[in-house]
Structure formats: C-alpha cells, structure tokens
Amino acid sequence: MAKKTKQTPEKTSWLGQNWLLLLTGFLVGAAAIVLNLLGNPGNMGFCIACFERDIAGALGLHSAAPVQYFRPEIVGIVLGSLLMALARKEFRGKGGSAPALRFGLGALVMIGALVFLGCPLRMVIRIGGGDLNAVVGLLGFIAGILMGLVFLKKGFNLGRAYKQSPLEGLAFPGALLLAFLLCVTGLCGLFRSSAAGPGSLRAPWYAAILAGLLVGALAQRSRFCMVGGVRDAVMFREFGLISAFGMVILTVLLGNVILKKFTGFSFAGQPVAHSDGLWNFLGMSVVGWGSVLLGGCPLRQLVLAGEGNSDSAVTVLGMIFGAALSHNFKLASSGDGSTPNGHIAVIGALAILLLVSLVLSFAKGKEGKK
Amino acid sequence: MIDATGYSCPTPVLMVQKEVKARSPKSLEVLVDNQCAVENVTRFARNNGYAVAVTEREDDFLLKLEK
C-alpha cells in the first residue's frame, strides 16, 4: 500500500546537491589528521584495511605481532551508520546476494590492499602526506575500476538480495558492539595487542570511536564511497563522489602543511609504505576491480553493514579473513617491499576477478524485468 | 516496469540507463528497495530530462519517470 507520493524538486545547484559529500570528505581527512596526532600510525590516521587487519590480529587469526589491536574506529563506523540509518528509517535487514562470492571477493580486496599497504582511503591519505607511491597505487586503482566497469556495462551483478529479519541486520553491528564493550570494560586482555609496530600506535579509544561514529553517520547519509567516485564519473558523468575523494586529499595535505609535517612529495622513506611500483599498481588494481564488483569500497561495506546489509557484513568478514591469509602466508608487504608470495597472490587474484567477472556478466538470464 | 528490488547500486541505475538508451521511453516505472537507489535513479533520470515521482510503499519505492 502506498504511503506517500512526492514529486522530486527542481534541479538544485551542484554545491546544493553535493555539500554533504564534500563535508564527509573533509571530516574523513580531518579525522585522519587528528587521529594521527593522537597516536595512530603515520599516514594511517584512518585506514579501513589496516584496521581490519589489526582486528584480525587481535582475534588471533594471524600471529604477526606488530599488527594486532581491536581498532575502535571500525566499530564506530558501523555503529554510526546504524544509528543514522535508524534515525532516518533506512535500517533494513537484508541479504542473500551471493554471500560466498562476496566473502571471497572481500578476501581478495584485502590481499591486494595489503600488498599496496592500504585501502583506497589510506591511499588518498598517503597522497595527502606526500607519498608518491600512493599516486602509482591510484593509477592502479583507477585501472582496476575501469576493468570492473567493462563488466558492469556487460551486465555483471551479484544477484538480488532479499528482505531478512532485523536481527539478521543487527547481528554484525551487535557482535562488534559486544567486542568493543568487552574492551572498554577492561576485558581487552582477551584480545591480542601489539607492544611494538603499527598496532601499538593508537589514538585513545574514546577519540577513535568518536571519529568512527561521526564518519560512519555522515558516510551513511552522504553515500560516500571511494570506488563510487571514479565509477560515477566515468559511467554517469557525475562528479559529486569524486569531489569528496579530492576533498580528503586536500584536507590531509592542508592539515600536514599547517602542522609542518609535510616535507614535499617523494617515493622514498614514506611511513608504512614501499616503493615496488609494479606491485603498488597491481595491488590497488585488485582493490579497485574487486570493490567495483562488490558495489563499494571497504568503507562503504562497513556503512552498508551498519544499515542492516548482511551481504556487506559477510564481505567485511571476508576482508578480515583475507588479512589473516595475507599475514599467515607472507602475502602482505612491509616497509621493506612486497613479497614473492604477494606477487603470486596478486596475479592469482586478478585471474579470479577476471573469471568471476566473465561468468557473471555473460551467464545471466534476463533478470530484472517484469 | 523495471524491477530493481534487491539490487544494490549502481545496478538499478544501469538497468534504467540501458532501457533509456535502447528505447528512450516517454514514461518508465522503476521499482527499487533502498533509498540510495532512489537517489541515484532520480539523479540519473533528471539529468536525462525526466521528471520523477516517488511513491513509498511497504518495503520499496516506485519511481515514475516522465518526459
């Protein structure tokens, strides 16, 4: 039964349409700068892949001692999105769109991200910090997205999701909240925690969760997505999302200049980064391609999981699994460079992405028309 | 009618784009089930010269596109 009908208003100005996205980009950049000042690692104030990798370590899924910490930022993003979705009556339990494939694609995205050393968000934060290796990563990221778009245009999709109970949608945010409460009530000894290395560098938990809540809430409202930016610009000639992408770079760059941390652009000596150009490029190609197939970047998956989308929750779990694989089997790079195993994994990931793209682009019936 | 329920973005927009490119219909009905798809399809439709009326139903939204 119809509840209400509304005629959409006349066209508003570009800024009128996109101010919220620009504000989200600014907030994400500012959060990265502030959290870095408060203790998070260099050029890693806010990184979804790195923080999920740290969570995988905290849970004992891998045993790389320097990268273990239950990062409150991740909890904050999911809960911020959940609260905003509830307030706007957009929370809906739904799922059932190719969960196993999404889990696997999530793992591949993480493997690619850890060869590059960062998700799309950290990539732009690294660019804003003067790291030219991340510019190489950006080129790979765009190349990966363009590959994915070829198949989207051919009809690729992961199939329909279906309505589920609210409990299904709340399961993942609830589990994260429970783990976080265990942490802040002093039971964090349950989790592993780095004594040295990036996992030991951390902003206070209250600042971290607050930043996560703000970013999650605003990203839910604005649909902020690092992959969507390039995708929408290429496919629909819409530049709102990609402007938010630029806003993150600008904010981080300005923040670093103001704080006198900016020492110019260079390849060498960048924090938690390496200069293997080819593998920076290909690692981020995997991230771009995989994320396009998944319908959103790692940050967007967290936000969707907060809205009750259990397919995205499964994707995040796949990413955490991918982080465990990366560190258990030496696929992940370090500041010293990429690894031979990482090279094999990236080539394998590209081959799997091609196979999945081909199969789901051409083996589909004429779904969607009634 | 295009039934894009259960699909996440950008698939609903792509389904509409395909139809608009193929037949440039004077009017078109699109069924979606999330606010993100409503916003994206609406933006795409407006940019292509359609007026859009949104009807919110139980679990989904019916978008009527008219030229």
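## The nonpolar core

The largest nonpolar core of this predicted model holds 123 residues. Such a core is a set of buried Ala, Val, Leu, Ile, Met, Phe, Trp, Tyr and Cys residues joined through side-chain atoms within 4.5 Å. Buried means under 20% relative accessible area, exposed over 50%, and partly exposed in between (1.4 Å probe, protein chains only). Phe46(A), Leu121(A), Phe224(A) and Leu63(B) touch the most other members. Helix H11 of chain A, residues 277-294, gives the largest share of this core, 9 residues. Helices (H or I, at least four residues) and strands (E, at least two) are DSSP runs, numbered from the N terminus.

Contact here means heavy atoms within 4.5 Å.

## Phe281(A) in helix H11

Phe281(A) sits in helix H11 of chain A. Its relative accessible area is 28%, so Phe281(A) is partly exposed. Leaving aside neighbours within four places in sequence, Phe281(A) contacts Val136(A), Leu139(A), Gly140(A) and Ala143(A).

## Chain B

Chain B has 2 helices and 4 strands. From the N terminus, the order is β-α-β-α-β-β. The radius of gyration of chain B is 10 Å, close to the 11 Å of the globule rule for 67 residues, so chain B is as compact as a globular protein of that length. That radius is taken over C-alpha atoms, and the rule is 2.2 Å times the number of residues to the power 0.38.

Buried residues make up 66% of the 67 residues in chain B. Of the contacts in chain B with a separation of 6 or more, 60% join residues 24 or more positions apart.

Most residues other than glycine have a negative phi, and most peptide bonds are trans. The bond from Cys9(B) to Pro10(B) is cis, with omega near 10 degrees. Pro10(B) lies in the loop between strand E1 (2-3) and helix H1 (11-23) of chain B.

Arg237(A) is not a glycine, yet has a positive phi of about 55 degrees. Arg237(A) lies in the loop between helices H9 (226-236) and H10 (240-258) of chain A. At 59% relative accessibility, Arg237(A) is exposed. Lys260(A), also not a glycine, has a positive phi of about 60 degrees. Its loop runs between H10 and H11 of chain A. Lys260(A) is exposed, at 74% relative accessible area.

## Conventions

Residues are numbered from 1 along each chain as its sequence is written, and chains are lettered from A and ligands numbered from 1 in the order written. In this predicted model, local features need pLDDT of at least 70, side-chain atom pairs count only at pLDDT 80 or more, and totals for chains, interfaces and linings use all residues, while side-chain values use heavy atoms, without hydrogens and water.
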